[in-house]
Amino acid sequence: MTPAFHLYRIAGRIASPLLPGLLRRRGRAGKEDFGRLNERLARYMPNRRPGRLVWLHGASVGESRLLLELGHRLVEERPDLMLLFTSQTLTSARLLGPALPDAAIHLMAPLDTPAIARRFIRHWQPDLCVFGEGEIWPNLIFEAERSGAKRALVNARMTQGSADGWRKARKLFQKLVGRFDVVLSADTDTAQRLGSLLGRNVRSAGNLKSALPGPEASDLEIKRIQDGFIGGRRCLVAASTHAGEEELFLDAVSDMPDTAIIIAPRHPERGDDVEAVIKARGLPHARRSKGQVANTRTRVLLADTMGEMGLWLRLADAVYLGGGHAEGVGGHNPLEPVRFAKPVVTGPHVFNFAPMMADLETRGLVRIAKDAAGVADALMNGAPPSQAAIDALAEHADAPMVETLAALLPLIPEPGLLQ
């Protein structure tokens with residue numbers, strides 16, 4: 001145990017009495033579900049059924065979606081498994097709830113203090129713990145190792161800035177990430193950075209998000225919105241936007257009067273803020289979360305709902321993808337709109353997807369725009385990607401998932417086999 005880890009554990013013990021009050025304050029601010037605060041403290045958890053259990057943890061929507069698909073694939077291979085999903089955000093909880101496999105439950109992620117981590121691991125006794133992307137929680141990893149559970153870090157991503165920061169605490173990094181039995185990176189750049197820090201080879205399985213199925217949508221609802229709202233107009237969609245990006249997008253489309261606009265913020269709970277931006281511009285709008293019905297006189301449909309991105313992407317003639325103009329976000333997965341053969345434009349700050357974005361930009365599947373003028377040009381003049389380009393993209397889409405499954409399945413004991 002390094003001195004830094006020891007201090008982290010002491011800090012967790014000192015903070016523990018304050019955590020219930022902190023969670024209640026976050027609940028009042030709309031950042032926690034009051035009905036699920038005990039899950040964050042690893043108290044009063046559901047019973048664990050007998051058999052092998054795999055715990056899959058991701059922070060937010062992106063990680064949760066890829067772990068959900070990974071969980072479905074694991075159960076296809078091993079129907080005996082119970083799956084436990086945890087995530088940290090309310091948005092991810094709403095996403096996971098209705099989409100879980102039959103043999104799975106979802107909990108809000110436990111806080112990473114020594115006592116909470118110990119209660120969580122002792123209760124669930126996972127056989128395999130799978131952490132998605134950048135989720136490195138020292139106490140949970142430590143308790144999982146102490147329990148004998150196997151650990152895996154999948155779809156790992158690390159920017160050069162993060163690698164430079166960790167280089168100053170390399171021993172701590174090795175103690176944490178070195179505890180994983182399997183480390184698979186999302187790209188070769190991350191594999192090299194992780195390998196340099198760990199002093200061992202790290203394999204790049206490829207980005208698991210390339211294997212995610214496209215979001216579904218009702219044909220009836222598509223037609224209803226096409227007829228009732230779009231009415232033959234060109235439809236422009238701003239998908240997964242963050243604060244400041246709605247303004248930039250509306251600036252970009254301000255000289256395109258004969259268009260239907262759909263804004264789908266990344267976090268639906270920002271609906272009030274986004275609506276204020278729309279109102280400030282005097283744009284006729286309807287708000288989806290309030291049941292307001294858009295018609296052909298409506299300029300903007302505020303899609304502040306969950307689970308409907310497949311609908312908006314199918315309706316779009318062109319897509320502005322958020323996350324690339326927002327400070328510190330690092331971009332979002334561009335593959336969904338690209339797979340629907342839509343022209344896609346995003347901002348330059350896409351460090352979380354840098355290799356993928358560079359590849360897609362080279363293939364002409366995504367455009368990077370620095371400002372509103374560049375976004376406007378891409379939305380007006382961008383051509384849909386060719387079917388040949390889409391087919392080439394799909395050809396290797398499932399390979400990362402197949403390689404990840406091949407690495408994880410040997411870590412799970414067979415049914416009834418004593419460890």
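Which helix is L7 found in? Hello everyone, let me start there: L7 sits in helix α1, residues 3–15. Helices here are DSSP runs of H or I with at least four residues, strands are runs of E with at least two, and both are numbered from the N terminus.

A quick word on what we are looking at. This is a predicted model, so to speak of local features we need pLDDT of at least 70, side-chain atom pairs count only at pLDDT 80 or more, and totals for chains, interfaces and linings use all residues. Residues are numbered from 1 along each chain as its sequence is written, and side-chain values use heavy atoms, with hydrogens and water left out.

Back to L7, then. L7 is exposed, at a relative accessible area of 56%. By exposed I mean over 50% relative accessible area, by buried under 20%, and partly exposed is in between, with a 1.4 Å probe and protein chains only. Together with I10 and I14, L7 makes a nonpolar surface patch of about 300 Å². Patches take residues with over 30% relative accessible area and no salt bridge, joining like charges within 9 Å and nonpolar side chains (Val, Leu, Ile, Met, Phe, Trp, Tyr) within 5 Å. The areas come from the Shrake-Rupley method with a 1.4 Å probe, and for residues only the protein chains shown count as cover.

A salt bridge is a side-chain nitrogen of Lys or Arg within 4 Å of a carboxyl oxygen of Asp or Glu. By that rule, the count is 31 salt bridges. One of them joins R9 and E143, with their closest N and O atoms 4.0 Å apart. R9 is in helix α1 and E143 in helix α7 (residues 138–147), so this pair links distant parts of the chain, 134 residues apart. Are these two partners buried or exposed? E143 is buried at 5% relative accessibility, and R9 is buried at 5% as well. Both belong to a salt-bridge network that links R9, R118, E143 and R146.

Next, please find E133, which meets K209 in a salt bridge of 3.4 Å, N to O. E133 lies in the loop between β4 (128–132) and α7, and K209 in the loop between β7 (203–204) and α11 (219–230), so the pair ties together parts that are 76 residues apart in sequence. E133 is buried, with 4% relative accessible area, and K209 is buried too, with 7%. E133 has another feature worth a look: its phi is near 65°, a positive value in a residue other than glycine. For context, most residues other than glycine have a negative phi.

Y44 also has a positive phi, near 50°. Where is Y44 placed? Y44 is in the loop between α3 (37–40) and β1 (53–57). At 75% relative accessibility, Y44 is exposed, whereas E133 is buried.

One more bridge: E246 and R270 meet at 2.8 Å, N to O. E246 is in helix α12 (residues 245–252) and R270 is in the loop between β9 and α13 (271–280), so parts that are 24 residues apart in sequence are tied together. E246 is buried at 1% relative accessible area, and R270 counts as buried at 16%.

Now, the pockets. On a 1 Å grid over the protein atoms alone, a pocket is an open set of points where a 1.4 Å probe fits, with protein on both sides within 12 Å along at least five of seven lines, and lining residues have an atom within 4 Å of a point. Points are joined across faces, edges and corners, and the volume is the space filled by probe spheres set on them.

The largest pocket holds about 1,300 Å³ of space. Its lining has 50 residues, with V61, G62, R65, L95 and R266 nearest the centre. Elements giving two or more residues to this lining include α4 (61–77), α5 (90–96) and β8 (234–241). The largest share, seven residues, comes from α4.

The second largest pocket has a volume of about 440 Å³. It is lined by 20 residues, and N207, S210, M356, D359 and L393 are the closest to its centre. Here the largest share of the lining, four residues, comes from α16.
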